[in-house]
Amino acid sequence: QVQLVESGGGLVQAGGSLRLSCTASGSTFSINVIGWYRQGPGKQREFVARINTGGGIGYADFVKGRFTISRDNAKNTLYLQMDNLQPEDTAAYYCHDYTLGHWGQGTQVTVSS
């Protein structure tokens, strides 16, 4: 079993930055690909970014160079640095383990205009 716990969300003004963290516990050696999704109000959950153990990275088109995903394997922690946040980035952000299919509980990001 793997448990994923997100943190770092909050309220920020447009143009601001936040760094989200996702700490994994349990059978973390099994995790190969891990990433971030988000779900805005009244919207479906959508892919944001993912990273594998080899450092391969993928981003959604809407990221447009504003977000950076990284991982610290020694700390079993995944990060999402989000810069130049906009109101449309308002959403609950979820950590997702592609290998075993686990989800975190989410952390809320709210961007005011």
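## Close-up views of a predicted all-strand model

**Figure 1. Strands E7 and E8 in the predicted model.** Strands E7 and E8 are joined by 6 bridges and run antiparallel. This is a predicted model, not an experimental one.

**Figure 2. Strand E8 and its other partner, strand E3.** E3 covers residues 18-26 and E8 covers residues 77-82. They run antiparallel, with 6 bridges joining them. Leucine 20 has leucine 80 in E8 as its bridge partner, and threonine 23 stands opposite threonine 77 in E8. Is E8 enclosed or open to the outside? Of its 6 residues, 5 are buried, so E8 is largely enclosed by the rest of the structure.

**Figure 3. The open sheet that contains E3, E8 and E7.** The sheet has 4 strands in the order E1-E3-E8-E7, and the pairing is antiparallel. Strand E1 (2-7) and strand E7 (67-72) are the edge strands, each pairing on one side only. From one strand to the next, the twist averages 15 degrees. As a general point, strands of a sheet pair through backbone hydrogen bonds. In a regular strand, side chains alternate between the two faces of the sheet.

**Figure 4. Surroundings of leucine 78.** Which residues does leucine 78 touch, leaving aside those up to four places away in sequence? Its contacts include Leu20, Ser21 and Cys22. Ile34, Gly35 and Trp36 are also among them, as is Ile51.

**Figure 5. The largest nonpolar core.** This core has 26 residues. Those with the most contacts inside it are Trp36, Val48, Phe67, Leu78, Leu80, Met82 and Tyr93. The elements that give two or more residues to the core include E1, E3, E7 and E8. Strand E4 (33-39), strand E5 (46-52), strand E9 (91-97) and strand E11 (107-112) also give two or more residues each. Which element supplies the largest share of this core? That share comes from E3, with 4 residues.

**Figure 6. The disulfide of cysteine 22 and cysteine 95.** A search of the whole structure finds 1 disulfide. It is formed by cysteine 22 and cysteine 95, with their sulfur atoms 2.1 Å apart. The link is left-handed, with -80 degrees about the S-S bond. Cysteine 22 lies in strand E3 and cysteine 95 in strand E9, so the pair ties together parts that are 73 residues apart in sequence. Buried means under 20% relative accessible area. Cysteine 22, at 1% relative accessibility, counts as buried, and cysteine 95 counts as buried at 0%.

**Figure 7. The whole chain, for orientation.** The protein chain has 11 strands and 0 helices. Its radius of gyration is 13 Å, close to the 13 Å that the globule rule gives for 113 residues, so the chain is as compact as a globular protein of that length. Along the principal axes, the C-alpha atoms fill a box of roughly 40 × 25 × 25 Å. Of the 113 residues, 43% count as buried. Among contacts between residues at least 6 apart in sequence, 54% join residues at least 24 apart.

Methods:
Residues numbered from 1 in each chain as written. Predicted model: local features only at pLDDT ≥ 70, side-chain atom pairs only at ≥ 80, totals over all residues. Heavy atoms only, no water. Pairing = 2+ DSSP bridges. Axes fitted to C-alpha atoms, helices over the stretch in contact; angles between N-to-C directions. Buried < 20%, exposed > 50% of the residue type's maximum accessible area, 1.4 Å probe, protein only. Core = buried A, V, L, I, M, F, W, Y, C linked by side-chain atoms within 4.5 Å. Contact = heavy atoms within 4.5 Å. Disulfide = S-S within 2.5 Å. Rg over C-alpha atoms; globule rule 2.2 N^0.38 Å.
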